[in-house]
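Open the model in your viewer and keep the sequence panel at hand. This tour goes from one selection to the next.

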Amino acid sequence: MDMELYVTKHVIMRGFLKDISALADSTIDRAAAMRISELINKLTGVINMHLASEDSFVYPKLLEHPDNAIKTITHAYMNEMCGIAARYTEFHTKYKTPSKILADVEGFKTAFKMIRDAFILRMDREEKELYTFLTEK
């Protein structure tokens, strides 16, 4: 299975996370909140497509693997992603508009850093471990 598409989606997500980080690390005014909101909503679209594709193709393929250890790892990744996705959905719902960001700037910054770090760690692990199971010859 060619994992290039999945890694490319990670690059796109990392770009959005980096752009949001730069804005979140400064004073958030109305213009910054509007840009952050736009980036969050674009990030959400990429995340949703990426997760749907993993659910439809990556995980089923790995669950067919003859090595039971890989199946166990895959189940652990699936369960972990459910938690990360749920936390992201809460974050998105709470901060998807400029007015919601401006209503709780410090809460937004704290929540974003937690979400960002969780996604970066997850993407790193997927690329170094999970995806390698599908590129083995």
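## Stop one: the largest pocket

Select α3 to begin: with five residues, α3 gives the most to the lining of the largest pocket. Keep in mind that this is a predicted model. Now show the whole lining: R87, E90, F91, K94, Y95, A111, M114, I115 and A118. Colour by element, and α3 (68–95) and α5 are the ones that give two or more residues each. Colour by class instead, and the lining splits into six nonpolar and three charged residues, with no polar ones. The pocket volume is about 180 Å³.

## Stop two: the largest cavity

How many cavities of 30 Å³ or more does a search of the whole structure find? The search finds one. The volume of this largest cavity is about 60 Å³. Select H10, M13, I47, H50, L51, E54, M81, F119, R122, M123 and E126 to see its lining. Next, highlight α1 (4–24), α2 (30–63) and α5 (105–130); each supplies at least two lining residues. By class, the cavity lining has six nonpolar, two polar and three charged residues.

## Stop three: E126

Stay with the cavity lining and centre on E126, one of its residues. E126 sits in helix α5. Is E126 buried or exposed? E126 counts as buried because its relative accessibility is 2%, and the cut-off for buried is under 20%. Show its contacts, leaving out residues up to four places away in sequence: E126 touches H10, H50, E54, Y59, Y77 and Y131. Finally, draw a distance from the C-alpha atom of E126 to that of Y6. The two atoms are separated by 9.6 Å, with the residues 120 apart along the chain.

Technical notes
Residues numbered from 1 in each chain as written. Predicted model: local features only at pLDDT ≥ 70, side-chain atom pairs only at ≥ 80, totals over all residues. Heavy atoms only, no water. 1 Å grid on protein atoms, 1.4 Å probe; cavity = no way out; pocket = protein on both sides within 12 Å on 5 of 7 lines; lining within 4 Å. Points joined across faces, edges and corners; volume = space filled by probe spheres on them. Helix = DSSP H or I, 4+ residues; strand = E, 2+ residues; numbered from the N terminus. Nonpolar A, V, L, I, M, F, W, Y, C, P; charged D, E, K, R; others polar. Buried < 20%, exposed > 50% of the residue type's maximum accessible area, 1.4 Å probe, protein only. Contact = heavy atoms within 4.5 Å.
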